[in-house]
Amino acid sequence: MPREQAGVCAEGNLHGLYLLFNAEEQAEPALRGVLAEIAAWLQASVDQNADSAFNGFVAVGANYWDTLYPEARPANLRPFPSFEQEDRKAPVQPVDLFIHIRSDRVDINHVAAMEVCHRLTGLVQLVEEVRSFRYLDNRDLTGFVDGTENPQGVHRREVALVGGEDEAFRGGSYIHVQRYQHNMDRWNGISLKQQEDTIGRTKVENIEYVGQDKPLTCHIKRTNLKDEQGNSMEILRQSMPYGTMKEQGLFFISCCRTPVHFEAQLKSMIHGDGQGHYDHLLNFTQAVTGAAFFAPSLDFMECAAE
Ligand code: HEM
């Protein structure tokens, strides 16, 4: 069984640091080696920094994959989907590389990011750096607990990691990233009941609304989807709050064995159910970036670097 990168299925942390890079022209031969080394270094750092629950992963952009690894492509790797209806948009900003670093210490994340940037010197341009943090008891900045219905225990791996359906990419994961910017004034301007109706759960106690009370426009109604066989279309969310007083929100991250689930959920949020019931959470937050990646197994990266 190929070894997956530890950060894909990791349990939550107190702090995150995300680095998004575009590659320089002709950097591929060197990058293949350096990325494999970075992924191995992040993996080794998991044990060295066990006290701070360090973890991380390296993911390669859907639009850059063939340039970096021309010999094989994950079966379902495709660009970030483009959805738009009325003022609801999911902007697409393809990026070549995404390095995900997390631990319970800001200083350890910072040192890891310095090491990553040092190893990538001359091969990439930094497009975006975002630092995230745990807010209260795993809440989003809206004040609602985020991640409650995430898969738990061994089920995280079943949801997030490619299996025998694509043998060459077993242990890898389809990653979707969106940086959401919240309109906190607008959100804080509605009542507690209106906020709870927007999510479909109570705020303080985090209790799910019972079926008939769930508005068709609430976030969990729009994202809790089933496929044609009636199976839950699950994703593993690794999102965390980020921000400053100028700009703040959720750095949304989905890890899954298929891109289909995230795409269906995002479509359902923006386009709704065909009867005008779109996700009313989008009245209070707006995605400002969106990119699709694949986080290959450590073994794939090692072999491809040879
Ligand atoms: C559930 C917040 C974006 C997929 C939730 C919950 C909250 C939340 C508070 C309920 C608790 C939980 O189960 O985690 C947010 C915020 C977002 C955002 C603040 C953006 C600003 C998204 C996006 C997707 C998504 C873009 C996928 C395209 C889900 C799913 C659930 C969920 C699958 C679980 C639904 C269930 O089974 O009950 N989200 N979310 N979320 N969200 Fe989001």
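The model is a predicted one, so local features are reported at pLDDT of at least 70 and side-chain atom pairs at pLDDT 80 or more, while totals for chains, interfaces and linings use all residues. Residue numbers start from 1 along each chain as its sequence is written.

Arg156 sits in helix α5, residues 155–160; helices here are DSSP runs of H or I with at least four residues, strands are runs of E with at least two, and both are numbered from the N terminus. Setting aside residues up to four places away in sequence, Arg156 touches Cys9, Pro151 and Leu236, where contact puts the C-beta atoms, placed from the backbone, within 7 Å. Ile235 lies 79 residues from Arg156 along the chain, yet their C-alpha atoms are separated by 8.7 Å.

Now for the ligand. Its shell holds 25 residues, and the closest are Phe144, Glu149, Tyr180, Asn224 and Gln265; a residue belongs here if its C-beta atom, placed from the backbone, lies within 6 Å of the molecule. Two or more shell residues come from each of β7 (173–182), α8 (219–223), β10 (248–256) and α9 (260–271). Helix α9 makes the largest contribution, with four residues. Sorted by class, the shell has twelve nonpolar, nine polar and four charged residues. In that sorting, Ala, Val, Leu, Ile, Met, Phe, Trp, Tyr, Cys and Pro count as nonpolar, Asp, Glu, Lys and Arg as charged, and the others, Gly among them, as polar.

Next comes the core. Nonpolar side chains tend to be buried together in soluble globular proteins. The largest nonpolar core in this model has 75 residues, and Ala59, Phe98, Ile175, Phe293 and Phe294 have the most contacts inside it; such a core is a set of buried Ala, Val, Leu, Ile, Met, Phe, Trp, Tyr and Cys residues joined through C-beta atoms within 7 Å. Helix α2 supplies the largest share, seven residues. Beyond its neighbours within four places in sequence, Ile175 is in contact with Ala59, Phe98, Ile253, Ser254, Cys255, Phe293, Phe294 and Ala295.

Helix α2 (residues 28–48) also packs with helix α10 (residues 298–305), at an angle of about 145 degrees and with the axes 8 Å apart. The axes are lines fitted to C-alpha atoms over the stretch in contact, and angles run from 0 to 180 degrees between N-to-C directions. On the α2 side the contact includes Arg32, Leu35 and Gln43, and on the α10 side Leu298, Met301 and Glu302 are among the residues met. The contact divides into eight nonpolar, two polar and two charged residues.

A few other spots are worth a look. Ala53, in the loop between α2 and β2 (55–61), has a positive phi near 55 degrees although it is not a glycine, and it is partly exposed, with 17 C-beta neighbours inside 10 Å. Asn206, in the loop between α7 (192–199) and α8, likewise has a positive phi, near 60 degrees. Thr198 in helix α7 is buried, with 22 other C-beta atoms within 10 Å.

Note on methods
Contact = placed C-beta atoms within 7 Å. Buried ≥ 20, exposed ≤ 12 C-beta atoms within 10 Å, placed from the backbone.
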